[in-house]
2 protein chains.
Amino acid sequence: MPPNLPSVSDSTIRRLSLYLRVLEELNEASEPTVSSRRLAELAGTSAAQVRKDLSRFGSFGKRGLGYAVDPLERHLREILGLQRRWPVVLVGAGRIGSALFEYPYFRERGFEIVAVVDRDPAKVGRRWNGVKIEPVESLSKVVRELGTELGILAIPADDAQATAEALVNAGIRGILNFAPVQLHLRPEIVVNEVNLTLELEALSFALHGSSRATSPERD
Amino acid sequence: MPPNLPSVSDSTIRRLSLYLRVLEELNEASEPTVSSRRLAELAGTSAAQVRKDLSRFGSFGKRGLGYAVDPLERHLREILGLQRRWPVVLVGAGRIGSALFEYPYFRERGFEIVAVVDRDPAKVGRRWNGVKIEPVESLSKVVRELGTELGILAIPADDAQATAEALVNAGIRGILNFAPVQLHLRPEIVVNEVNLTLELEALSFALHGSSRATSPERD
DNA sequence: TTTATCTTGTGAAGCTTTTCACAAACAGGC
DNA sequence: GCCTGTTTGTGAAAAGCTTCACAAGATAAA
């Protein structure tokens, strides 16, 4: 473990998450070790990048051998803060909210949707697999009672800013926002925007505007 | 319009998409012009960044005045390749597929899901709002008949690589991948990965590991 | 022990992206 | 027509990120 927390770039963190996914696969395949080259190949980056990313947090490899899969997986979980369980509150019980509630991969990583909230009175009171849908008014109570620090916003654009503020007031510190609006919140609140339209637009640009290739890889 | 296509970074393209969203809002609010400063504020970046981004594609502003909202919106649509309709094939009629099919913001930007495909025989044959769910075996036929160049992959991880290859063989040029695996395809195929778990993990890291703030803004 | 082979960890170089800062352009009064 | 106050467009500087390249550490075999 590094003595003092280094400032790490967002791209590094996102790659660590990819490495973790690859390591899980290797672990399941009972591969004992992996080289930076192979890890890079599987994660879609370069070997040097893998080594630089990991070296920010410590020396996890052995020269001549590579990295031991299982310990490295544990290190990454530790770095990403995944050794604990993260209770999550889901705001919005529409199509997207429902899909996210059922999404099996969240729970595998310790993210558990423990509360669902919606503004539609018709939906309030229903049960999703044991979790009762609560009215938005109960947000504050729910967050406090369940001790959730993470919230997922899966509601229409018009309501998003106000609801995000309500989440923050309730004590939420990180928000995953699926609503197509830029949220403006206090800087200490961590927000990740998932912009589905933008992703398609990036494809549209690539096919229409130019012909960029998405091909790094090497070392 | 620039004489020859400049090489544009991915981040620039993603910001252009954000600017477009802001401009639509401004247009609806009947604001005739906008300065780089205000646009930056609404999109969550810096004024200099806005000007640099736009200047890669031409001179759309007037000094002392700012940018005319409506023409700039049209320029951005043109740049992003959104003046046309993009038929899209959706692979996977599960929870996420269903949510994406109903997602209203795709159609607003010209992305229209014209075909749905699933490997589950129980789902095949059903109709979603006039679109019949086809078996995966028909992928090639469907893509060719409807002339789709974009595909959305909303299927479990185990099946994703093979299905992606099938999409490519059918003639698809761009893929939006929701399956939690790294796809390995020919470099001329444009792939955008949406990794929902990764997004939560980035939040987890931010709350756990360090206390980075997400606060640029200024000029 | 020595040699051959492998692979990490990491400064330094190279490249990309963002920010700075200012000349040039425009509008509106006076 | 001439000032005043704005705001763009853009080279240049700064910051950030990725790749290079190699010494150092590790194993295995002779």
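Two strands are taken as paired if DSSP finds at least two bridges between them; strands (E, at least two residues) and helices (H or I, at least four residues) are DSSP runs, numbered from the N terminus. The model is predicted, and local features need pLDDT of at least 70, side-chain atom pairs count only at pLDDT 80 or more, and totals for chains, interfaces and linings use all residues. Residues are numbered from 1 along each chain as its sequence is written, chains are lettered from A and ligands numbered from 1 in the order in which they are written, and side-chain values use heavy atoms, with hydrogens and water left out.

In chain A, strand β4 (residues 86-91) is largely enclosed by the rest of the structure, because six of its six residues are buried (under 20% relative accessible area, 1.4 Å probe, protein chains only). In a regular strand the side chains alternate between the two faces of the sheet. On β4(A), W86(A), V88(A) and L90(A) point one way, whereas P87(A), V89(A) and V91(A) point the other way.

β4(A) pairs in the parallel sense with strand β5 (residues 111-118) of chain A over six bridges, and V88(A) has I113(A) as its bridge partner in β5(A). Parallel pairing also links β4(A) to strand β8 (residues 150-153) of chain A, over four bridges. In β8(A), L150(A) stands opposite V88(A).

Chain B contains an open sheet of three strands in the order β1-β3-β2, with antiparallel pairing. Its edge strands, β1 (33-34) and β2 (61-62), each pair on one side only. β1(B) pairs with β3(B) (residues 66-68) in the antiparallel sense over two bridges, and Y67(B) in β3(B) is the bridge partner of V34(B).

Definitions and conventions. Buried means under 20% relative accessible area, exposed over 50%, partly exposed in between (1.4 Å probe, protein chains only).
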